[in-house]
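Trainee: Please pick one part of this model and go through it closely, with the cut-offs stated.

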Amino acid sequence: MPELDYLAIDGDNHFYEPDDCCTRHLDAKYKDRSVHVVRGDDGQGQWFFGSKPFTFHRGARDYVMKPGQYRAFMAGASFDPSAPPEMVPSRFPEYADRDVRLEVMDRQGLEACIMLPSFGVAFEAECVSDPEAACAAVSAFNRWVEDDWGYAYRNRIFTPASISLLDRDMAVAELERVLALGARSLCLRAGPLNRISPADPHFDPFWARLNEAHVPVALHSSWSQYHKLWSSQWSEKADPTYRELTSFQSYLGMGARPMMDTLAAMVFQGLFNRFPNINVLAVEGGSYWVGELMRHMDKAHRSGKGSKL
């Protein structure tokens, strides 16, 4: 790795969550509608929402790819099912202990990092059938973050607070709570919210408070509602697991596509006109699409007849 004459800041670092990340602080009235892990006799864990097993993020992250295994794929190599990546246990202390993580960051030459969830960016989209319970789970997750990581630990580890917009009023209440505790940024899911755009004026009370607070929003690549809404209309399975995800579904609903659509909606539906202090970051979706998105948006703006700008 090339030597730097300064300390770097990592804009997309991750922790791994324990089984109780959504239940440790969950309001008891949501016990039967919780996001939780069920472990079998073999010790393997599976995530559930109430009595329903998750589809995409099904297994608990007891094992993860060995660091460096993803490099070949990111360089353009195709995934070979006959030679799956090497997996290692995820329960190393630096994945769960912020002080140990700081020691690792020191060795890596990192001044600071944005510390994002792993499971935490993926579960809310699988809870859309029960918006109240979904928002309660996200709030419980934030309270776990406050216990184990903090929002600005030693002014070096900056963990965004997660917000679900599935219930607007609960989202506003949670936003007020995490801002009061020092949250420096937020993490939202890209894509529509039960057929409502995040830029719809319905959500203006949320964006107005965020605009006032000057706190940025991160859209991290994650599981969206795209497959539930559109996969079946393209002869694909509506609820694929990670291993069942086809190439077309990867194009349709993962990474860049939901981010592009969400950012275009925010621009064209006037979110940034109404709230000019809002800043949105696209994280872990690449940047190859940004120039093309701008060209498409310029053309669409010229040809659109019913502009909301």
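**The nonpolar surface patch**

Mentor: Tyr 63, Met 65, Tyr 70, Phe 73, Met 74 and Met 87 make a nonpolar surface patch of about 640 Å². The model is predicted, so local features need pLDDT of at least 70 and side-chain atom pairs pLDDT 80 or more, while totals for chains, interfaces and linings use all residues. Residues are numbered from 1 along each chain as its sequence is written, and side-chain values use heavy atoms, without hydrogens and water.

Patch residues have over 30% relative accessible area and no salt bridge; nonpolar side chains (Val, Leu, Ile, Met, Phe, Trp, Tyr) are joined within 5 Å, like charges within 9 Å. The areas are Shrake-Rupley values with a 1.4 Å probe, and for residues only the protein chains shown count as cover.

At least two residues of the patch come from each of β5 (63–65) and α1 (71–74). Met 74 lies in helix α1. Helices (H or I, at least four residues) and strands (E, at least two) are DSSP runs numbered from the N terminus.

The excluded salt bridges (a Lys or Arg side-chain nitrogen within 4 Å of an Asp or Glu carboxyl oxygen) number 23 by this rule. One of them joins the side chains of Asp 204 and Arg 274, at 2.9 Å from N to O. This pair links distant parts of the chain, 70 residues apart: Asp 204 is in helix α5 (residues 204–213) and Arg 274 in helix α9 (residues 271–274).
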